[in-house]
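Here's a quick tour of the voids and the fold in this model. Have a look at the structure first, then read on.

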Amino acid sequence: MSINEQAAEYFETLFHHRKSRFQTLDPELAEFYVNFAYGDVVSHTKELDDHTRLMVQLAALIANGSEGMYKVMLEAALNVGVTTVEIKEILYQASAYIGMGRVYDFLHITNNELLRRDYKLPIQGQGTTNTDTRQATGEKIQRATLGDHALKSLTSEIAADAPHILEFIEGHLFGDIYSRTGIQRNVRELLALSMLVALGNCEPQLRAHVTANLNVGNSRSMLISTVTQLLPLIGYPRTLNGLQVITSMSRGK
């Protein structure tokens, strides 16, 4: 087997003249992985532009805890023009979905690479709320994003003796993070979908965010393309589980 022309061309777009030890030491695996990930999968996910494609991949790799592959795809993301603001916003959003325990290491990886490339850090802040406005802003964004039905379902699933968690979701996730500039709301929801699918075992949250994606204008086919794009990085089981939720929640969309 050899790397086909389409896959080789796209690989060159992402990595320029990169030659990795992966290709040198495991040439057979490298060949069918490159043909699959950069040929087959890309040809079936043309709804995603390169920019968005790399962003959802980074989000999934953070959720996976895949530090080595993240370094590789961070290089590709920077090569296709994903901005430092966008990369930092993926990480900041991931801190809520994945937890700082995992995101902390990815922040260091990212900062080290940006400094190596002589980017100036810290970058310009993207926050739009403060302690006085975060709760009200979060409530408004949460309701507009999830919709009344999904919001009611979320509220009913939280134990009566833990109402503070609902306040945290409203003020922290939606007030502090979703209100930030730097990434459009529809892309934030694709990132959320990607993280949840990559994490696995998050079906209740995934159902809510499939609804949220549809509410912010992402089509069923866009969601399927996004999860398909993650397949080479997260494997078949989590991909199939994610697709099952998407198809069950978006029939007729």
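How many nonpolar, polar and charged residues are there in the lining of the largest cavity? There are six nonpolar, two polar and no charged residues. The classes go like this: Ala, Val, Leu, Ile, Met, Phe, Trp, Tyr, Cys and Pro are nonpolar, Asp, Glu, Lys and Arg are charged, and the others, Gly among them, are polar.

Before going further, a word on what you're looking at. This is a predicted model, where local features need pLDDT of at least 70 and side-chain atom pairs count only at pLDDT 80 or more, while totals for chains, interfaces and linings use all residues. Numbering starts from 1 along each chain as its sequence is written, and side-chain values use heavy atoms, with hydrogens and water left out.

**Overall fold**

The chain has 13 helices and zero strands (DSSP runs numbered from the N terminus: helices are H or I with at least four residues, strands E with at least two). Its C-alpha trace spans about 60 × 45 × 30 Å along the principal axes. For 253 residues a compact globule would have a radius of gyration near 18 Å, and the chain's 19 Å agrees with that; the radius is taken over C-alpha atoms, and the globule rule is 2.2 Å times the number of residues to the power 0.38. Buried residues make up 47% of the chain, buried meaning under 20% relative accessible area with a 1.4 Å probe, protein chains only. Of the contacts (heavy atoms within 4.5 Å) with a separation of 6 or more, 77% are between residues 24 or more positions apart.

V85, in helix 6 (residues 84–97), gives an example of such a pairing: V85 and G182 are 97 residues apart in sequence, yet their C-alpha atoms are 6.0 Å apart. Leaving aside neighbours within four places in sequence, V85 also touches I123 and Q126.

**Voids**

On a 1 Å grid over the protein atoms alone, a cavity is a set of points where a 1.4 Å probe fits but cannot get out; a pocket is an open set with protein on both sides within 12 Å along at least five of seven lines, and lining residues have an atom within 4 Å of a point. Points are joined across faces, edges and corners, and a volume is the space filled by probe spheres set on them.

| Void | Volume | Lining by class |
|---|---|---|
| Largest cavity | about 30 Å³ | six nonpolar, two polar, no charged residues |

The largest pocket is lined by 25 residues, with L154, I169, Q205, A208 and H209 nearest its centre. Helix 8 gives the largest share of that lining, eight residues.

Helix 3 (27–43) and helix 12 (220–234) each put at least two residues into the lining of the largest cavity. Y33 and Y38 are among the residues lining that cavity, and both names also turn up in the lining of the second largest pocket.

**Q23**

Q23 is another of the residues lining the second largest pocket. Found in helix 2 (residues 21–25), Q23 is buried, with a relative accessible area of 15%. The Q23 side chain reaches the backbone nitrogen of S20 at 3.1 Å. Beyond four places in sequence, Q23 is in contact with F11, R18 and A30; F11 and R18 line the second largest pocket too.

Note on methods:
Buried < 20%, exposed > 50% of the residue type's maximum accessible area, 1.4 Å probe, protein only. Polar contact = N/O pair within 3.5 Å; in protein donor to acceptor, adjacent residues only side chain to side chain.
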